[in-house]
Amino acid sequence: MSSLLQGVNLYLIGMMGSGKTTVGRLLAKHLSYGFVDTDDVIVQVAGKSINQLFAESGEAAFRQLESDVLSQVCSFTKLAIATGGGIVTRQENWSYLHHGLIVWLDAPVDILYSRLEADDTRPLLHDVDPREKLRSLLEQRQPLYSQADLQITINKSETPEQIAERVIEAIPSVLKTPVSQNN
């Protein structure tokens, strides 16, 4: 599989709680790739939590920092990269994402909500109705997420390992096979 990918990065997109970090780590291990979570890099660069960044600087400043981090990360190869859920909302980010293979982990709102219900580190869910906020964000972002090379629909009963395996199995369907020299 690694030879088929030829070092091309995998970018995992999808809503918060869809499993991008967990599945990304598994994919990196399976492919002998490095793993990067753009949110972790943002926290390191800013020296602040994402909650603090949102509170002190606002979402627009966070999104700019997110784009800056993505632009740096895409210059490397052989990485599985878990991106923030809203990374798809800025047009400039698509030019970076298209340097690699884009995998959308598509999880229904009920799964997202059950995974995030007790998580208070998500600034966009500091809302009177977090489930409705998730539904609204997913509805806004769905047309953007659907531009991914691969869409992997998440089922409640699947383990992260099974999801990673489905991604691995689906990758050849979207890669162009190298042209043989012996034609």
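**A short tour of a predicted model**

Let's begin with Asn9. Asn9 sits in the loop between helix H1, residues 2-5, and strand E1, residues 10-13. Keep in mind that this is a predicted model.

Is Asn9 buried or exposed? Its relative accessibility is 3%, so Asn9 counts as buried. The cut-off for buried is under 20%.

What does Asn9 touch, leaving aside residues up to four places away in sequence? The list includes Tyr33, Val73, Cys74, Phe76 and Thr77. The side chains of Asn9 and Tyr11 are joined by one, at 3.5 Å.

Next, Asn51. This residue belongs to helix H4, residues 50-57. Asn51 has a relative accessible area of 23%, so it is partly exposed. Now look for Asp120. In sequence, Asn51 and Asp120 are 69 residues apart. In space, their C-alpha atoms are 9.0 Å apart.

On to the aromatic rings. How many aromatic pairs does the structure hold? Two. Take Phe54 and Phe62. Their ring centres are 5.0 Å apart. Their planes stand at 40°, so this pair is tilted. Tilted covers the angles left between stacked, under 30 degrees, and edge-to-face, over 60. Phe54 is buried, and Phe62 is buried too.

Now the two ends of helix H3, which spans residues 38-46. Which residue caps its N-terminal end? That is Asp37. A side-chain oxygen of Asp37 lies 2.9 Å from the backbone nitrogen of Asp39. After H3 comes Gly47. Its phi is positive, near 70°.

Last, a pair of helices. H7 covers residues 109-116, and H8 covers residues 130-145. Two packed helices are described by the angle between their axes and the distance between the axes. Here the angle is about 135° and the axes are 10 Å apart. H7 and H8 are therefore oblique to each other. Roughly antiparallel would need an angle over 145 degrees. The crossing of H7 and H8 is right-handed.

Which residues meet there? From H7, we have Val109, Asp110, Leu112, Tyr113 and Leu116. From H8, we have Pro130, Arg131, Leu134, Arg135 and Leu138. An α-helix has 3.6 residues a turn, so residues three or four places apart point the same way.

To recap: Asn9 is buried in its count, Asp37 caps H3, and H7 crosses H8 with a right-handed crossing.

Definitions and conventions: Residues are numbered from 1 along each chain as its sequence is written. This is a predicted model: local features need pLDDT of at least 70, side-chain atom pairs count only at pLDDT 80 or more; totals for chains, interfaces and linings use all residues. Side-chain values use heavy atoms; hydrogens and water are left out. Rings of Phe, Tyr and Trp (its six-membered ring) pair if their centres lie within 6.5 Å; planes under 30 degrees apart count as stacked, over 60 as edge-to-face and the rest as tilted. Buried means under 20% relative accessible area, exposed over 50%, partly exposed in between (1.4 Å probe, protein chains only). Helices (H or I, at least four residues) and strands (E, at least two) are DSSP runs, numbered from the N terminus. A polar contact is a pair of N or O atoms within 3.5 Å; within protein, one must be able to donate a hydrogen and the other to accept it, and residues adjacent in sequence count only if both atoms are side-chain atoms. Contact means heavy atoms within 4.5 Å. Axes are lines fitted to C-alpha atoms, for helices over the stretch in contact, and angles run from 0 to 180 degrees between N-to-C directions. Angles under 35 degrees count as roughly parallel, over 145 as roughly antiparallel, 65 to 115 as roughly perpendicular and the rest as oblique. A crossing is left-handed if the near helix is turned anticlockwise from the far one by less than a right angle, and right-handed if clockwise.
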